[in-house]
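These are notes for a colleague who has the coordinates open.

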Amino acid sequence: MNCSKNPDFVLSGLSRDPDKPQLLFGLFLALYLLSLLGNSLLLLAIGADIHLHSPMYFFLSQLSLVNLCFTTTTAPKMLETLWTSNRSTSFSECLAQLNFFAVFADMDNLLLTATAISRYAAICHPLHYPLLMIPCRCALLVGGSWGVAHSVSLVHALLLSQFSFYNNQEIPHFFCAFGPLFRLSCSDTHLSEDLMMVLTGLLGIVPLLCIISSYAHIFLAVAQDPSAQGKQHRANSTCSHLSTVILFYSSVFATYLKSPSASHASGELVLRNKDVESSLKKVLGIESEDTLERQVSFSSREV
């Protein structure tokens, strides 16, 4: 097989049954539109109401913006593939998709960390909270997160752009992913994989340690509160963010705590499908989970 710096790939991660693309297209289009609508309405509500111009809602708006962009990196191409049955994609399209996918995935991680720091300041130092979380510091946290995410993603993209790849090979996903591209490369990727693993590990471990430290202090502050009502209020104000953190990191560890080319394609497909599934249903509620999971699992088995 010939090697090329700019090959074409075939996305084979969705069912090839002629009856199922229409069903999946309708399902994912509805979920995508609901995601866009939910995140857009939240952004408009926070922007329009001056009472919501606080650090907590500022970080929430940034998370909503990232989620909106995150789904847009994968859903349109997936919908196009389902509608036209054209599974071909160029390397430049893959590289652009991977770049933005990595940026918004990293931003999710970093914004959860910034939100954990904000919750720590609000619960453990409530009197100093207005001084600690001034708008300038909040903007610095978010701006620094965007800078780090773009820098790390750029390194990933530059590494991939140096490789040669086999032509017309199948990627067993409905969007481009790092693992399959490494496996389809004609070049020696070991050094680049190790560097990518180090960068990804640092970007995952350091924020996670900050989150764990923040919540350790939060739990200690809740436990030391002599008022039962105060304990309940502090616990309730933390539960939603903590559940999001647990879901995010559990899926990340299950999927990415390995070498990018180490796992079998079919097993990795199910996990990565769940990544896209979780990003699509973050604003949709639990009631849509079972239906979507059954459809995604079915298409995974078909592959």
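Is Thr81 buried or exposed?

1. The model is predicted. Thr81 lies in helix α2, and its relative accessibility is 6%. Because the cut-off for a buried residue is under 20% relative accessible area, Thr81 counts as buried. Leaving aside residues up to four places away in sequence, Thr81 is in contact with Leu11, Asn86 and Arg87.

2. Asp188 sits in the loop that runs between α6 (178-183) and α7. Ser164 is 24 residues away from Asp188 along the chain, and the two C-alpha atoms are separated by 9.5 Å.

3. Ala221, in helix α7, has a relative accessible area of 14% and is therefore buried. The C-alpha atom of Ala221 is 9.4 Å from that of Tyr120, although 101 residues separate the two along the chain.

4. For the chain as a whole, there are ten helices and five strands. Of the 303 residues, 44% are buried. The accessible surface is about 15,100 Å², and carbon and sulfur atoms account for 67% of that area.

5. The largest nonpolar core holds 40 residues, and Met107, Trp146 and Ile211 have the most contacts inside it. At least two residues of this core come from each of α1 (20-48), α2 (55-84), α3 (91-124), α5 (135-161), α7 (190-224) and α8 (228-256). Helix α3 provides the largest share, eleven residues.

6. What does Trp146 touch, not counting residues up to four places away in sequence? The contacts of Trp146 are Gln62, Val66, Val103, Phe104 and Met107. Met107 is itself listed, with Trp146 and Ile211, among the residues with the most contacts inside the largest core. Apart from that core lies another, of 19 residues, including Phe91, Ala102, Leu159 and Cys176.

7. The second largest pocket contains about 180 Å³ of space. Helices α3, α5 and α7 each contribute at least two residues to its lining. The lining consists of Leu110, Thr113, Ala114, Ile117, Leu141, Gly144, Ser145, Val148, Leu203, Val206, Pro207 and Cys210.

8. An unreviewed UniProt entry lists residues 23-44, 138-159, 197-223 and 235-257 under "transmembrane region". Two of these spans can be set against the model. Residues 23-44 are 100% helix and 0% strand, with the end C-alpha atoms 32 Å apart. Residues 138-159 are likewise 100% helix and 0% strand, and their end C-alpha atoms also lie 32 Å apart. The label itself comes from the record, and such annotations may be inferred rather than shown by experiment.

Note on methods. Residues numbered from 1 in each chain as written. Predicted model: local features only at pLDDT ≥ 70, side-chain atom pairs only at ≥ 80, totals over all residues. Heavy atoms only, no water. Core = buried A, V, L, I, M, F, W, Y, C linked by side-chain atoms within 4.5 Å. Buried < 20%, exposed > 50% of the residue type's maximum accessible area, 1.4 Å probe, protein only. Helix = DSSP H or I, 4+ residues; strand = E, 2+ residues; numbered from the N terminus. Contact = heavy atoms within 4.5 Å. Areas by Shrake-Rupley, 256 points an atom, 1.4 Å probe, with all protein chains shown as cover. 1 Å grid on protein atoms, 1.4 Å probe; cavity = no way out; pocket = protein on both sides within 12 Å on 5 of 7 lines; lining within 4 Å. Points joined across faces, edges and corners; volume = space filled by probe spheres on them.
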